[in-house]
Amino acid sequence: MTGLLIGAAMMVAVAQTDTTFDAGGARYFRLGSEGGEIRVEAWDRDEVRLQADHGRRTTIEIRQDEDEIEVDSSGRGMLGGIVDYVVTLPRSMNVELEGMFADITVEGMQGEVSAETLQGDVVIRGGNGRIDASSMTGRIRIEGASGMIEFRSVAEDVRLVDVSGEIVGESVGGAIVIENAEATSVDVGSVGGRIDFSGPLADGGTYFFGTHGGTINIDVPAGTGAEFSLASQHGSISADLPGAPERFERRRRTTFSVGGGGAIVEAETFGGRIVVREAGSGEPDA
Amino acid sequence: MNAHIEATRLHDYVERLLGEEEGAAVERHLESCDHCRDIVSELAELISDLASLPSEASVERDLWSGIESRIGQGSGPDIIELPVGRHTPPRRISATWGQLLAAGIVLATVSGGTVWMALRGDTAGGAPLAQAPSLGSAAVPAVQVADEQYREAITRLEDLLDEGRHLLLPETLAALERSLAAIEGAIEDARAALDEDPNSELLNRLLIDHQQSKLRVLEQAAAAIRL
């Protein structure tokens with residue numbers, strides 16, 4: 001904690017905790033959990049409601065200072081045990097959640113959101129500014145967020161829907177699907193999964209997609225202006241856009257411009273396919 | 001009260017971010033807890049190592065000039081220069097234990113990262129895009145140096161993973177091993193292809209990219225073990 005504790009820590013040792021307290025204008029909410037579900041919802045009050053289901057040997061600890069509220073659990077020994085949280089926060093708060101074996105869902109927040117879990121799914125709906133989502137073995141879904149969006153999944157799929165801003169992330173084994181994005185920059189990569197991107201390309205925006213073996217599908221609106229730089233070592237490339245080359249050679253980088261340029265798009269793969277086309281011209285390649 | 005103090009609070013203690021009362025409580029705990037004292041000792045060492053690093057900008061500039069002289073100037077005929085590469089904006093919060101652990105290998109990886117940025121057409125120290133050289137065949141030795149640095153850093157983290165694998169759940173470990181095997185396969189593919197085509201900009205780039213992916217996965221695994 002970086003500030004002095006001004007509120008007394010509340011220690012509750014029952015199987016269910018349900019408490020509502022004044023947020024005091026705090027801008028940051030942090031919660032750490034070893035296991036269980038973390039669900040964060042938003043409301044328009046300057047109050048925090050904390051509901052938690054937990055074992056009787058588990059203690060929920062709430063610390064509050066001028067700018068930050070921190071929730072943690074502890075039990076006998078080092079582990080805090082399995083706790084299912086439902087937390088309702090002032091909509092504008094910045095949220096930081098960490099779990100070891102936790103499914104995390106954040107709904108309707110308007111501030112920054114950071115959600116990291118070792119084993120579990122992460123779902124973020126809403127959020128502005130820095131949005132971080134990380135899971136080693138779970139899926140990640142981010143909807144309607146804007147700002148600097150960063151994700152990392154080791155083994156599972158990532159899906160971003162209706163997001164805007166900058167997007168950076170990777171999934172080693174899973175697919176990365178970015179639907180209807182209004183991104184000013186994208187930098188995503190997967191080793192074995194496919195990458196689907198659909199959305200307008202910003203004038204001056206930069207977009208990088210890389211895979212080792214997966215397919216890269218890039219769907220852009222008709223009339224898009226962009227410079228493309230596409231490269232594949234052993235895979236194939238096709239670009240169904242006005243002004244694009246009809247044939248692409250393997251082991252060479254091919255650059256071309258459509259619609260007078262504007263955005264810069266780079267895609268590369270070792271053995272996968274790269275497919276660029278106008279939106280609405282069919283389902284993405286699997 | 002936990003039997004041990006959580007790592008983030010110990011980090012705050014090492015960085016003197018705790019209030020007087022909380023700091024004193026940590027010190028009282030450390031007097032009787034070898035485990036937490038060891039963590040504090042490791043954190044202090046890591047923070048000291050980080051403090052001894054030159055600033056990021058100056059590191060990049062120095063390395064960049066060396067790389068630049070090997071790469072040469074001018075754009076290749078079929079390479080487009082891109083203004084940005086993968087980046088990690090500064091985080092709002094101070095580094096966690098896992099991040100500090102990862103930062104411990106910065107010394108080994110920073111030059112590799114710079115080479116990687118060169119491959120991506122990025123510029124060092126915020127130099128204008130137009131001045132960034134494109135990759136030519138002379139960049140390959142720099143990539144090989146970076147590859148070796150990654151191998152060393154990866155080996156250290158793999159050793160750590162081996163030591164702590166029993167601390168991970170079987171399904172987590174299985175997912176990790178599957179992912180690491182997939183990345184290793186990709187690295188081997190890139191290396192084998194580079195044997196036939198050592199000057200390929202694409203292959204050199206893919207090799208460094210895969211090394212970085214492996215490093216990041218191992219960092220996550222190391223952080224998970226520390227949890």
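**View 1. Cys36(B) is buried, because its relative accessibility is 0%.** Buried here means under 20% relative accessible area, exposed means over 50%, and partly exposed lies in between, with a 1.4 Å probe and protein chains only. Cys33(B) likewise counts as buried, at 7% relative accessibility. The sulfur of Cys33(B) has that of Cys36(B) as its closest cysteine sulfur, at 3.6 Å, which is too far for a bond, since a disulfide is taken as a pair of cysteine sulfur atoms within 2.5 Å. By this rule, the count over all chains is zero disulfides. The structure is a predicted model, in which local features need pLDDT of at least 70 and side-chain atom pairs count only at pLDDT 80 or more, while totals for chains, interfaces and linings use all residues. Residues are numbered from 1 along each chain as its sequence is written, chains are lettered from A and ligands numbered from 1 in the order in which they are written, and side-chain values use heavy atoms, with hydrogens and water left out.

**View 2. Gly262(A) sits in the loop between strand 23 (252-258) and strand 24 (263-269) of chain A.** Strands (E, at least two residues) and helices (H or I, at least four) are DSSP runs numbered from the N terminus. Gly262(A) counts as partly exposed because its relative accessibility is 27%. Beyond its neighbours within four places in sequence, Gly262(A) is in contact (heavy atoms within 4.5 Å) with Ala202(A), Asp203(A), Gly204(A), Gly205(A), Gly225(A) and Ala226(A).

**View 3. Chain A as a whole has 25 strands and zero helices.** Its C-alpha trace spans about 70 × 35 × 30 Å along the principal axes, and 59% of the 286 residues of chain A count as buried. Among the contacts in chain A with a separation of 6 or more, 45% join residues 24 or more positions apart.

View 4. The pLDDT is the predictor's confidence in each residue, on a scale from 0 to 100. For chain A the average pLDDT is 90, and 92% of the residues score at least 70.
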